[in-house]
Amino acid sequence: MRPTIPARSTLSLAVSAGIVALGVAVNDGFAPSLRTLLALAITAVGLFGIGIVVRDRSLESLRLAAGRFWVGAFVAFLPYGLATSPNNETAAALGDAFAGPLAVVALEAVAGAGVLCAAVVTVLYAFASYGIYPGRPTPEERVLERQRNE
């Protein structure tokens, strides 16, 4: 049976990903400035929201979510790549459609948010595959508890 995701969870996921995209859009590089600190804070809040939304999912659901996020990140990166570094005339013609500064910032924000969200979900999946879930006993604590009970 395919696991279902409640609508509230989907909305929270979209809002959190939007916050990550806002943080990426605000960022002006890694030059030490107040704007960079603000961008990192906004991005961290969004990634924290992503983590909260997906943390209680099953291992299989986390694997599926990680795969979907990576596919979404790849799809979001394609127009950004075409707009910023076209290699041939066809790509340059397609990239000219996104040549405005606002379009490039929006594409960069979406592509960056996709990669960051995919990385967070992948890390959570990796931890969950080893039995480490937030708020639950660690694998070592479970083994020790099992030995005490026997």
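**Notebook: the core and helix α5**

I started with the largest nonpolar core, which has 20 residues. The ones with the most contacts inside it are L13, V20, I50, V54, F69, C117 and V121. I then looked up which elements give two or more residues to this core, and got α1 (7-26), α2 (34-54), α3 and α5. The top giver is α5, with seven residues. A reminder to myself: this is a predicted model.

Which residues of α5 are buried? My list reads V104, L107, A109, A111, A113, G114, C117, A118, V120, V121 and A128. Two of these, C117 and V121, I had already noted among the core residues with the most contacts.

Next I checked the length of α5. At 1.5 Å a residue, its 29 residues should span 42 Å. The end C-alpha atoms of α5 are 42 Å apart, so the two values agree.

Then I turned to how α3 and α5 pack. Helix α3 covers residues 59-84 and helix α5 covers residues 101-129. Their axes come within 8 Å and cross at roughly 155 degrees. That angle is over 145, so I put α3 down as roughly antiparallel to α5. What kinds of residues make up this contact? I noted 24 nonpolar, four polar and two charged. As for handedness, α3 passes α5 in a left-handed crossing.

Note on methods. Residues are numbered from 1 along each chain as its sequence is written. This is a predicted model: local features need pLDDT of at least 70, side-chain atom pairs count only at pLDDT 80 or more; totals for chains, interfaces and linings use all residues. Side-chain values use heavy atoms; hydrogens and water are left out. Axes are lines fitted to C-alpha atoms, for helices over the stretch in contact, and angles run from 0 to 180 degrees between N-to-C directions. Helices (H or I, at least four residues) and strands (E, at least two) are DSSP runs, numbered from the N terminus. Angles under 35 degrees count as roughly parallel, over 145 as roughly antiparallel, 65 to 115 as roughly perpendicular and the rest as oblique. A crossing is left-handed if the near helix is turned anticlockwise from the far one by less than a right angle, and right-handed if clockwise. Ala, Val, Leu, Ile, Met, Phe, Trp, Tyr, Cys and Pro count as nonpolar, Asp, Glu, Lys and Arg as charged, and the others, Gly among them, as polar. The expected span of a helix is 1.5 Å times one less than its number of residues. Buried means under 20% relative accessible area, exposed over 50%, partly exposed in between (1.4 Å probe, protein chains only). A nonpolar core is a set of buried Ala, Val, Leu, Ile, Met, Phe, Trp, Tyr and Cys residues joined through side-chain atoms within 4.5 Å.
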